[in-house]
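Me: I would like to go through a structure by question and answer. Please show it to me before we start.

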Amino acid sequence: MRFFRSHAALLFLLPALAGILIFIIYPIAYSFHISFFDWDMISGKKTFVGFGRYEHLLGDPKFIQVIVNTVVYMFSMVAVTVALALFLAAWLNKSSLVHNLAQTAIFTPHIVSTISVVLLWMWVMNPDIGLLNYVMEKMGVDRLLALFGIKKMMWLESRTTALFSFIVIGVWKTLGYNTLVLLAGMQSIPGQIYEGAALDKASSLRKFYKITVPLLSPSLFFLLIVNVTSSFQTFESVNVISKGGPLNSTNMMVHWIYQTGFEFYRISDSSVGSVLLLLIIGLATYSNFRLLSNKVHYQ
Amino acid sequence: MNNHKFALARRGLEMLGLMALACVFVFPFFWIVSTSFKTLMETARYPPSLLPENFNPINYAAAFASNNFPRAGLNSLFIVLAILVLQMAVILPASYALAFKKSRLEKPLFALILIGLMVPDQVTFLPVYLLFSKLKLINTYVPLIVPFAASAFGIFMVTQSFRQIPKDVIEAAKLDKSSSLKTIWKILLPSIRPTIICFALFSCITHWNDYFWPFAMTNQESLRTLPMAVAKLSSVDSVKQWHVIMAGNTMLILPLLLVYLPCSKWIKRAFAYNGVK
């Protein structure tokens, strides 16, 4: 009993500690380890090659394209989503029934599985019988596109638009979440601050830039980090829609890691991918912290 | 008077805008359900019809009969609940110790938790798979459940809310000489109930929807989860059976919407508001 009293804290912490060590820390260490070996799955032989696999992969234009796709997708997702969310949050920051309904509506895609969303958009973006091209035709957008020589939008089928279409799907899914986080941030700004500005007869646009945005910076900063991490994790859309095609134009890191490890049995290369992904996420997060944390105002 | 009219027009315009906005996010869900009752012929028609000509519930039977669908649904339900129970068993004691007990493990564990918050599943799955396959546990439920027990996010959330309980509440309980177990049960747990509900909702929804992890960890049909069974509907034929796919999709989404609509306030809080505090 005495032993239990004095070591209770330890006992309480142990399962959590074990879980994190086994399922997060060990895998990271293992990936690092394996990434320095050439592991032939057929003979089971491991040979130490140092940075050999890294050099090989980083010299492979196909792999470079995967990295470029991932980074382009990430940048577009972050920029478009946060900008739109800021606009929507400013608009929806009132409490009427209709505003609340709109908030609930735009948040719905976030709680639904990515698989559902991906299947839905594959159907909606079907070039021949899909809803999206029909709506665009009804709104006259197709005539606008015809001016640029585009007869029919081949959303997911064409190499030039496939990644763009992935971004549209991604934004549709995450916009509600981003808006809600910003709304929560806006609602915690004390009203007196705006009253002071009202006395100064500041315009509402000015109030938005001079008061709302700076005071929202913790939420904006949080969203930046979350969006960077989550957009690097895109798997479902690639796996279900395109398998990385057409011509590798939509393949992204996580799908590549999965494919390389589980379909082509190149465990070492897959581990190199995991390590690089981790480094990219770490670097993005770190530079966000370095560049922006002194610009974030905490009340 | 003119001013009044102007304000009214502006209000009307705003309502219209809000409705259009809501449509962009709600109409696609309506479209899923509408498609799920059409015939294959009707799905291929252009221009598309808003509502199905005849309601064909047979698509649901077709989806249900394919890919071991009922089994996948039960698997999903079982996995979600098992994860939740296990998470509670790991998270509550750990967070309690982190918040109230001094221990040498506190600082290292908190550092590990912060790392855990940053590292996505997609970086760890391969070594975890190899580990489980060495233990001959692939194609059991273990790899689908156990890795989520020590949720870094859960420990973080629950620890923070334990720490926010006012000190005098705990002191008062100590003065009453109630045993520490009684204090935990009668005072500490009830005061963090909102956090626990939020985390439970978050966990259930996340794992109900999860595709990547079960996809990577199983290669047997009997262990597939619902999102996998639904995704499989689209990969079978060269001519996509959109009506059947959307019937499956409806069955995947419906349980979520049934929970979301009455508890939207809680769920919004579980997902979005926790990020801010």
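Predicted model: local features only at pLDDT ≥ 70, side-chain atom pairs only at ≥ 80, totals over all residues.

**A glutamine and the chain interface**

Me: Leaving aside neighbours within four places in sequence, which residues is A:Gln103 in contact with?
Reply: Contact means heavy atoms within 4.5 Å. Once its neighbours within four places in sequence are left aside, A:Gln103 is in contact with A:Leu92, A:Lys94, A:Leu180, A:Leu183 and B:Lys268.

Me: Is A:Gln103 buried or exposed?
Reply: A:Gln103 lies in helix H4 (residues 97–111) of chain A; helices are DSSP runs (H or I, at least four residues; strands are E, at least two) numbered from the N terminus. Relative accessible area under 20% is buried, over 50% exposed, and in between partly exposed (1.4 Å probe, protein chains only). Because its relative accessibility is 5%, A:Gln103 counts as buried.

Me: How many Å apart in space are A:Leu180 and A:Gln103, C-alpha to C-alpha?
Reply: A:Leu180 lies in helix H8 (residues 162–187) of chain A and, at 0% relative accessibility, counts as buried. In sequence A:Leu180 and A:Gln103 are 77 residues apart, but in space, C-alpha to C-alpha, the distance is 7.5 Å.

Me: What area do chain B and chain A bury between them?
Reply: Chain B brings 82 residues to the contact and chain A brings 82 residues. Buried area is the accessible area (1.4 Å probe) that two parts lose on being put together, summed over both. Carbon and sulfur atoms carry 80% of the area between chain B and chain A, which is about 7500 Å².

Me: Which side chains meet in a salt bridge?
Reply: A salt bridge is a side-chain nitrogen of Lys or Arg within 4 Å of a carboxyl oxygen of Asp or Glu. Across the interface of chain B and chain A the rule finds one. At 2.9 Å, N to O, the side chains that meet in a salt bridge are those of B:Glu14 and A:Lys94.

Technical notes
Residues numbered from 1 in each chain as written. Chains lettered and ligands numbered in written order. Heavy atoms only, no water.
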